[in-house]
Amino acid sequence: MSSNEASGPPQLHARKKPAKREGNTDRRIRRTRERLGAALIALIEEKAIHEVTIREVLNRGKVGRSTFYLHFQDKDDLLLSQMEDGLQMWSNILSTKQEKSRRVAPVAEFFAHVASARKLYRSLVLSGRIQAFFDLAQGYFARGIARRLKEIGRPSPSQRESDARSHALAGNLLSLLKWWLDRGAKEPAKDMDDLFHRMVWKGVQ
């Protein structure tokens, strides 16, 4: 058992990003990180997080130990990297796609994705990491929502109000996600998208 596990689940703080590289080297690094991340997620879906070892991740990802430590400090650092990469993508996907709608977050797509990864979600719950994940997600979605509101033409009169509004909306989104999952995700994800955005536009004047 690691020292982190002995003292409780680690807190998820934004990790220091490695310096960007260009060309073939950058592509090799990205592929290595993707293999390691995919290996860790697959293992977490098979067993409890605290039971997964670095050696198992290396064997599953076909990556050497020295290469692993060039990119990550430990297993929790790799997990955090995977979470951050996913949240970065989901929280900005509407802006990236330049979607012409009044949606401020990809609720239907994100909810469906989380529901499809139910084993991973349950593992985060059982390991005590789920609240830390939601806290991390709130920051990413708050920034994504603030960006979307500007794109839609509903900017706040001040930066302080913009931060508060987008943070509150991100919190509502994640609270709705937890409610939906805890009830068995019975309703279609599209219905949750419609519900969330009705609440958004009733509150944003």
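**Figure 1. Salt bridges across the model.** The structure holds 12 salt bridges, each one a side-chain nitrogen of Lys or Arg within 4 Å of a carboxyl oxygen of Asp or Glu. Side chains of opposite charge can pair when their charged atoms come close. Keep in mind that this is a predicted model, where local features need pLDDT of at least 70 and side-chain atom pairs count only at pLDDT 80 or more, while totals for chains, interfaces and linings use all residues. Residues are numbered from 1 along each chain as its sequence is written, and side-chain values use heavy atoms, with hydrogens and water left out.

**Figure 2. R30 and D26 in helix α2.** Here R30 pairs up with D26 in a salt bridge, with 3.0 Å between the closest N and O atoms. The two sit 4 residues apart in α2 (residues 23-44), so about one helical turn separates them. Helices here are DSSP runs of H or I with at least four residues, strands are runs of E with at least two, and both are numbered from the N terminus. R30 is partly exposed, at 39% relative accessible area, and D26 is partly exposed as well, at 24%. For these labels, buried means under 20% relative accessible area, exposed means over 50%, and partly exposed lies in between (1.4 Å probe, protein chains only).

**Figure 3. R147 and E151 in helix α8.** The side chains of R147 and E151 form a salt bridge at 3.4 Å, N to O. Being 4 residues apart in α8, they are separated by about one helical turn. R147 is partly exposed at 39% relative accessibility, and E151 is partly exposed at 41%.

**Figure 4. K178 and D182 in helix α9.** This salt bridge joins D182 to K178, at 2.7 Å from N to O. Both residues belong to α9 and are 4 residues apart, about one turn of the helix. K178 is partly exposed, with 39% relative accessible area. Elsewhere, salt bridges with shared partners link E99, R103, E109 and D193 into one network.

Figure 5. The buried residues of α9 include S162, R165, L169, L173 and W180. Among the elements covering the buried residues are α6 (107-116), α7 (118-126), α8 (130-152) and α10 (189-203). After α9 comes G184, which has a positive phi near 95 degrees.

Figure 6. The structure has 1 cavity of 30 Å³ or more. On a 1 Å grid over the protein atoms alone, a cavity is a set of points where a 1.4 Å probe fits but cannot get out, and lining residues have an atom within 4 Å of a point. The lining of the largest cavity is made up of A146, L149, K150, R154, P155, S156, S162 and R165. Two or more of the lining residues come from each of α8 and α9, and α8 gives the largest share, 3 residues.

**Figure 7. The whole chain.** Stepping back, the protein chain has 10 helices and 0 strands. Of its 205 residues, 46% count as buried.

Methods:
Contact means heavy atoms within 4.5 Å. On a 1 Å grid over the protein atoms alone, a cavity is a set of points where a 1.4 Å probe fits but cannot get out, and a pocket is an open set with protein on both sides within 12 Å along at least five of seven lines; lining residues have an atom within 4 Å of a point. Grid points are joined across faces, edges and corners, and a volume is the space filled by probe spheres set on the points.
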